[in-house]
Every structure is written in structure tokens, then in C-alpha cells.
Amino acid sequence: MEKPAAEVVAALIWDGGRFLICQRPAHKARGLLWEFAGGKVEPGETKAQALARECREELAIPLSVGKIFMEVDHEYPDLKVHLTLFHAAISEGMPQMLEHNDIRWITVEEIPQYEFCPADEAVLEKLRGGIAARQEEEL
């Protein structure tokens, strides 16, 4: 029987022209790859509640969760995920590195310098496409 996809949520948090990315701990699956802040939805939680909890636990920041940026289905060798990426904003404070190997604020132009989890590739493409579209509008 096929396993249902794990419900995973993530945050697209902007600070000016940069957004937050987190490097997975070395000992976890897909260790040292970069991803958006977030995690798995627990039973009884809404996606927004799960995202707020994960960011509290992993980054010690209160989060204001906004609209959905996009949803992605991805199949890893060991796991199927349904990823929902939300626009989000930090209510107060600065992210702390409680679980991650590293955290960075990067621009869309810097995306190619980082190796992301495969499930995030479609999100990164959309971000790059959005920048290209905005740049064309400015011409």
C-alpha cells in the first residue's frame, strides 16, 4: 500500500530584498542541504499553527503566517511530502540557530550558490521567475 504524503509546511520570510534559508543538521536526512524554515504538521494542527510552532521551536521567533505562496508534491527515496510554503513575517526578534547547522538571509540572485533540498526546486524556480518578471517590467 502506498504511504500518504507527509504534510510539510515552510515559511518564505523576507527582510527587504533577502529571504531566510536554513541548513539542515548534518545528522538528519538530506543533511547540510538548505531549505526554508518549517517542518511537519502534527495531528490536530492547522498548517499555519504547525508553521508557527516549528519556527518557535527551531528559530525562537514568533511568526505571522500569511497567504500560501505555493504547494509542491515531491517524492524522496524514503519519503513523500506535500509541501505548503506560506508567506510569513517575523513578529519580533531575530532567528536563533537552535536546530540548524546554519541560517542565512540571501537574495534570489544568490540561490545558485546553495544546494537546496530537491522538494524546494520548484519554489526556487518560481522565486527566480518572479524576479525575472519584475525586472522585465522595469525595462
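The model is predicted, and a search of the whole structure finds 12 salt bridges.

Consider Lys47, whose side chain meets that of Glu7 in a salt bridge, with a distance of 3.5 Å from N to O. This pair links distant parts of the chain: Lys47 belongs to helix H1, which covers residues 47-59, while Glu7 belongs to strand S1, which covers residues 6-15, and the two are 40 residues apart. Lys47 also meets Glu71 in a salt bridge, here at 3.8 Å from N to O. Again distant parts of the chain are linked, for Glu71 lies in strand S5, residues 63-75, and is 24 residues apart from Lys47 in helix H1.

How accessible are these residues? Lys47 has a relative accessibility of 25% and therefore counts as partly exposed. Glu7, at 32%, counts as partly exposed, and Glu71 is partly exposed with a relative accessible area of 42%.

A further salt bridge joins Glu57 to Arg53, where the closest N and O atoms are 3.2 Å apart. Both residues lie in helix H1, and because they are 4 residues apart there, about one helical turn separates them. Is each partner buried or partly exposed? Glu57 is partly exposed, with a relative accessible area of 41%. Arg53, by contrast, has a relative accessible area of 13% and is buried, because the term applies to values under 20%.

Finally, Glu57 and Arg53 take part in a network of salt bridges that also links Glu42, Glu45 and Glu54.

Notes
Residues are numbered from 1 along each chain as its sequence is written. This is a predicted model: local features need pLDDT of at least 70, side-chain atom pairs count only at pLDDT 80 or more; totals for chains, interfaces and linings use all residues. Side-chain values use heavy atoms; hydrogens and water are left out. A salt bridge is a side-chain nitrogen of Lys or Arg within 4 Å of a carboxyl oxygen of Asp or Glu. Buried means under 20% relative accessible area, exposed over 50%, partly exposed in between (1.4 Å probe, protein chains only).
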